[in-house]
Amino acid sequence: MVKKRVYVESSVISYLTARPASQPVPRHRQRITAEWWSVHHNWECFVATTVLDEIALGDPVAASQRTETARALPEMPVTPEIRALAVLLIDRNLVPPTSVADAYHLAAAAFHRADYLVTWNQKHLDNLDLRSRIEELIRGWGLTPAKVITPERLLEETI
């Protein structure tokens, strides 16, 4: 059976490696992320260079832990075509200019043929008001947009 391809976005790696949260929502997300990670081999998971750049920011010790975890997954390059599509997503006001990495995640997931883009970042990556326009733009490039999904939903879809 062919495994579904999953682009693992930065927030998933961050929740997986973060110190235990004291608040209920982040604590729940950490637990679910760890549960999903324990079975992530059920999918063909990968990251893009953008993910590695993003998780390298911040506290050096935490960044090192995130990077070490992400390096367990194959790394896909960010190509000129991905850059062009990301810029277009921003130029068309489908992703805000303050969220450049999110535009790259959407573009890289489509370009590298991900079935899913797994993330906890629902604000820009799975904006319900813009989702159909984002998908239309990606399809206009001859690509199939990845389904944006949380680790929790991805676990549910495979049960």
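This is a predicted model: local features need pLDDT of at least 70, side-chain atom pairs count only at pLDDT 80 or more; totals for chains, interfaces and linings use all residues.
Visitor: Why are the buried residues of α4 said to line one face of the helix?

Guide: Helix α4 spans residues 60-70, and Ala63, Arg66, Thr67, Thr69 and Ala70 are buried in it. Viewed down the helix axis, these buried residues fall within an arc of 160 degrees, so they line one face of α4. The face turned away from that buried side carries the exposed residues Pro60, Val61 and Glu68.

Visitor: What covers the buried residues of α4?

Guide: The covering elements include helices α1 (10-17), α2 (24-38) and α3 (49-55), together with strand β2 (44-48).

Visitor: Why is threonine 33 called buried?

Guide: Threonine 33, which lies in helix α2, has a relative accessible area of 0%. Buried means under 20%, so threonine 33 is classed as buried. Leaving out residues up to four places away in sequence, threonine 33 touches Val12, Tyr15, Leu16, Trp120 and Pro151.

Visitor: Which members of the largest nonpolar core touch the most other members?

Guide: Among its 49 residues, these are Val6, Tyr7, Val8, Trp36 and Leu89. Helix α6 (residues 100-111) supplies the largest share of this core, seven residues. Beyond its neighbours within four places in sequence, valine 6 is in contact with residues including Trp36, Trp43, Phe46, Tyr116 and Leu154.

How values were computed:
Residues are numbered from 1 along each chain as its sequence is written. Side-chain values use heavy atoms; hydrogens and water are left out. A nonpolar core is a set of buried Ala, Val, Leu, Ile, Met, Phe, Trp, Tyr and Cys residues joined through side-chain atoms within 4.5 Å. Buried means under 20% relative accessible area, exposed over 50%, partly exposed in between (1.4 Å probe, protein chains only). Helices (H or I, at least four residues) and strands (E, at least two) are DSSP runs, numbered from the N terminus. Contact means heavy atoms within 4.5 Å. The arc is that of the directions from the helix axis to the C-beta atoms.
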